[in-house]
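Hi,

Here is the structure we talked about. Please look it over; my notes follow below.

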Amino acid sequence: MSEEHVFETLPLPSPNAYPHRIAIIGDLGLTSNSSTTIDHVIVNDPSMILMVGDLTYANQYLTTGGKGAPCYSCAFPDAPIRETYQPRWDGWGRFMEPLISSSPMMVIEGNHEIEPQVSGITFKSYLTRYAVPSEESGSNSNFYYSFDAGGIHFVMLGAYVDYNSTGAQYSWLKQDLNQVDRAKTPWLVAAWHPPWYNSYSSHYQEFECMRQEMEALLYQYRVDIVFSGHVHAYERMNRVYNYTLDPCGPVYITVGDGGNIEKVDVDHADEPGNCPSAGDNIPEFGGVCHINFSSGPAEGKFCWDKQPEWSAFRESSFGHGILEVVNSTYALWTWHRNQDIYKDDSHGDQIYVVRQPELCIASTLEGSGKPEDGGLTNEAADLLARWTRFAASIEMLTVAVIWTSFY
């Protein structure tokens, strides 16, 4: 029925073995820009692909007439349900075959996979086509799971199912993180579709409720990097926790710029006239928890009036990312813009992410340093103050080293 294909499975858990390149792609779709993205990914020869949601856009292919709509509900307010053009799923699979026939692809659902149908059916096409190791990772749902790839433990979270701290996903996440052996898998990487930290007007604070429910847990277990999509642009954050620069927080990276039909997001919420209203950016799942900032340069405001200090670099271009974990300490992150495929050794953004866990106060220890206690030890507070002074001295670095902490 088809050709035979061969690919190499992921390395077993070990601090000395890593996939040589991991491609991170979000909001891909099936357009000419999507084709350029995948052509570029193939050139970069990844050994694994991480797809952070919004795969095919089959749910609005016909309605938008091939032109796209930045806000579907705004353009079609009377549409009772979104369409679900199933041949688009098959066409997307054939389009991806040259890549995913030789490299394993791990996926997480986005809002365009919901595809609501009669009788309350959702996610039917997505769940039918993609198998994930939910049972193997102790999850009772294909919407969230975890897996190991050499010395990296990946946690894939679902933003469109219950994420409350009293729910099944949160309980599973806590148990999964507690079982991670950082001696075997030093790197802890998380991924879900909508970003928690985002300075673009599009989807601004859309999933603030999810952040408030889950961020402290991820911080407690020292997640190193978080990947998301949803916003159709690129943005990399400084290490941050609760909207405050924090040397022990994750590096959040948004790569929702795969090439989809809805075009690139260009407006920043901190630019004059671009701050969304509290009634904008209502999530397709979950509640609304929009907040004004309680401290810092944006105190009392819904939006900053300049690029937030936690936003290190942002650009409105289609592209993809490549993560190259060198060892238990160093990982090279490179964001490749689509236009860079025509240039040798060119990229849009590149940093080394450096793990120094010994310099972070382990929040799992007894004492006032635990995030749930709302306090810091004197040592941790001093560390945070030094990091804040250091970060404030830097305007922007396209090539940077992000340290877990400094002494």
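The disulfide count comes to 3, where a disulfide is a pair of cysteine sulfur atoms within 2.5 Å. One of them joins C209 and C289, with the sulfur atoms 1.9 Å apart. The C209–C289 link is right-handed, at 95 degrees about the S-S bond. C209 sits in helix α6 (residues 208–220) and C289 in the loop between β11 and β12, so this pair ties together parts 80 residues apart in sequence.

On provenance: this is a predicted model, in which local features need pLDDT of at least 70, side-chain atom pairs count only at pLDDT 80 or more, and totals for chains, interfaces and linings use all residues. Residues are numbered from 1 along each chain as its sequence is written, and side-chain values use heavy atoms, with hydrogens and water left out.

Helices (H or I, at least four residues) and strands (E, at least two) are DSSP runs, numbered from the N terminus.

Helix α6 also holds a salt bridge. E208 and R211 meet through their side chains at 2.6 Å, N to O. Both lie in α6, 3 residues apart, about one turn of the helix. The whole structure has 11 salt bridges, each a side-chain nitrogen of Lys or Arg within 4 Å of a carboxyl oxygen of Asp or Glu.

Now the sheet. It is open, has 7 strands and runs β4-β5-β6-β7-β11-β8-β12, with mixed pairing. Two strands pair if DSSP finds at least two bridges between them. β4 (145–149) and β12 (311–315) are the edges; each has a single partner strand, so one side of each lacks a neighbour in the sheet. Neighbouring strands are turned by 15 degrees against each other on average, direction ignored. Axes are lines fitted to C-alpha atoms, for helices over the stretch in contact, and angles run from 0 to 180 degrees between N-to-C directions.

β8 (residues 234–237) and β11 (residues 251–255) pair antiparallel over 3 bridges. There, Y234 has V255 in β11 as its bridge partner. Helix α5 (residues 168–179) packs on the sheet, touching β4, β5 (152–156) and β6 (187–191). Contact means heavy atoms within 4.5 Å.

Best regards
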